[in-house]
Amino acid sequence: MSDTRDRSITIVGAGPVGLTVAALMARSRANPALQIRILEPRPIPTWKPADTDLRVYALSRASQRILEHAGVWDEIAAAMVSPYRAMRVWEGDDPFGSGSLYFDCAEIGEPDLGHIVEDRLIRDRLFSSLTDCSNVELSVGVEVAAVRSGSRDVEIETQTGETFSSTVLVAADGGASTVRELMSLPVTKAGYGQEAIVAHVESSEPHRETAWQRFLADGPLAFLPLADGRSSVVWSLSSSEAQRLASASEADFIAELSAASGGALGDLRASSARAGFPLQVLHARHYCAPRVALVGDAAHTIHPLAGQGMNLGLLDAAVLADTLSEAICRHEDPGDLRVLRRYERQRKGANLKTLLAMDALHRLFRLPGPLFAPLRAAGLSAVDASGFAKRRLMREALGISGELPRAARRHVA
Ligand SMILES: Cc1cc2nc3c(=O)[nH]c(=O)nc-3n(C[C@H](O)[C@H](O)[C@H](O)COP(=O)(O)OP(=O)(O)OC[C@H]3O[C@@H](n4cnc5c(N)ncnc54)[C@H](O)[C@@H]3O)c2cc1C
């Protein structure tokens with residue numbers, strides 16, 4: 001049992017995962033006196049319907065429920081989300097031919113397979129919800145320069161030399177996490193030698209609230225349905241090809257994109273700039289150290305081919321918030337390594353399983369086409385013909401199977 005006064009949690013990084021930890025902790029009745037401080041080097045983006053945010057996520061049902069528990073899903077859904085009710089996956093020339101795989105939410109009695117949501121909208125709504133909380137303080141323009149973990153608290157020093165202490169430090173500062181580096185927490189990582197080009201396009205054929213994904217020799221190409229009828233393109237390519245296409249003229253880019261799409265959405269027209277994200281797989285060997293926990297991309301980054309990175313990060317946020325709140329309720333020290341390991345035990349194995357599955361899928365589709373394409377087509381057809389396998393895959397992708405943290409279970413108002 002420990003002294004429960006003056007508990008504080010410092011979250012480094014106001015990305016979607018860090019802000020979700022803050023919102024879940026702020027709404028927890030575990031300890032109304034808990035002080036929450038968020039440190040972020042960059043301004044928090046605001047969302048306006050007319051602006052284009054190229055960073056969009058395919059959020060699972062589990063993520064939707066977590067954002068419901070965080071108190072922001074209804075506002076996000078009312079502002080702008082696009083449900084996707086089906087998903088079509090293929091490798092050859094014909095998106096509808098044999099060797100393609102089609103998932104339909106109706107087969108599992110769900111209204112959709114998830115929602116496409118803009119990063120900026122999630123952050124804007126989470127941030128607005130936190131501005132009303134008297135126990136939450138957000139410091140923007142602040143970078144962490146040093147972290148010293150002690151027996152009673154963790155001391156954080158900023159780049160301006162300011163220091164303060166906290167009971168727990170949550171590192172939600174993304175794939176290049178400074179906190180992870182400062183704490184010398186080792187990672188296993190590998191570059192894919194790939195970049196993802198993202199852009200929005202208009203199409204002559206409607207997207208039919210379907211997520212389309214074609215596996216090409218150089219990497220997967222996805223079209224995610226947007227609420228205004230456009231589609232968000234996520235095209236993973238070798239870095240050299242990605243850089244060539246990033247600087248190609250609009251007409252050349254669209255011509256190559258149209259050819260790569262196999263005509264799935266008819267004629268395409270550019271409707272945004274393009275941005276590129278280098279891709280890597282990374283997994284921290286430890287998710288915690290005394291008084292410090294890693295969440296989201298700070299703990300793991302994953303190939304975007306199945307759009308799971310944010311979904312895993314939000315599950316981390318939910319499990320960590322549960323773990324810390326429970327510890328506070330039991331009058332335990334939430335920064336104690338034994339407490340933080342409960343979080344690590346729940347998340348590390350699950351994340352690793354998804355990381356490895358995505359990595360294996362990525363490698364499978366990189367195997368030379370002439371030899372392996374027929375085998376892959378047969379595999380896709382076999383899965384397509386198996387109602388059981390498809391239903392299972394859909395439930396897993398939705399995050400509604402297996403053991404779930406409280407916040408990812410069905411929300412009861
Ligand atoms: C092309 C692409 C497509 C993707 N599509 C999907 C998808 O469809 N579905 C899905 O689930 N996932 C997707 N992902 C993965 C998703 O983008 C990440 O998993 C997610 O952004 C992780 O969120 P985060 O809050 O952990 O980190 P980030 O979003 O990286 O946020 C980290 C925050 O920390 C801040 N920060 C950085 N350094 C410091 C520092 N030193 N001190 C303090 N703060 C710092 C940053 O400014 C930022 O605000 C995709 C990724 C890519 C590259």
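**Close-up views of a predicted model**

View 1. A backbone N or O atom of M310 lies 2.8 Å from an oxygen atom of the ligand. That is a polar contact (a pair of N or O atoms within 3.5 Å; within protein, one must be able to donate a hydrogen and the other to accept it, and residues adjacent in sequence count only if both atoms are side-chain atoms). The protein buries 89% of the 1,000 Å² that the ligand exposes when taken alone. Areas follow the Shrake-Rupley method with a 1.4 Å probe; for residues, only the protein chains shown count as cover. D297 places a polar side-chain atom 2.7 Å from an oxygen atom of the ligand. A polar backbone atom of G309 is 3.3 Å from a nitrogen atom of the ligand.

The model is predicted: local features need pLDDT of at least 70, side-chain atom pairs count only at pLDDT 80 or more, and totals for chains, interfaces and linings use all residues. Residues are numbered from 1 along each chain as its sequence is written, and side-chain values use heavy atoms, without hydrogens and water.

**View 2. The shell around the ligand.** Around the ligand stand 31 residues, and E40, R42, T178, D297 and M310 come nearest. Here, a residue is near if one of its heavy atoms lies within 4 Å.

View 3. All eight of the eight residues of β16 (231–238) are buried, so the strand is largely enclosed by the rest of the structure. Buried means under 20% relative accessible area, exposed over 50%, partly exposed in between (1.4 Å probe, protein chains only). Strands are DSSP runs of E, at least two residues; helices are runs of H or I, at least four; both are numbered from the N terminus. β13 and β16 run antiparallel, joined by eight bridges. Two strands pair if DSSP finds at least two bridges between them. In the β15 and β16 hairpin, five residues lie between the strands, and G229 takes a positive phi near 95°.

**View 4. Aromatic pairs.** The count comes to four aromatic pairs. Rings of Phe, Tyr and Trp (its six-membered ring) pair if their centres lie within 6.5 Å; planes under 30 degrees apart are stacked, over 60 edge-to-face, the rest tilted. W235 and F253 form a tilted pair, 6.3 Å centre to centre with 45° between the planes. Both W235 and F253 are buried.
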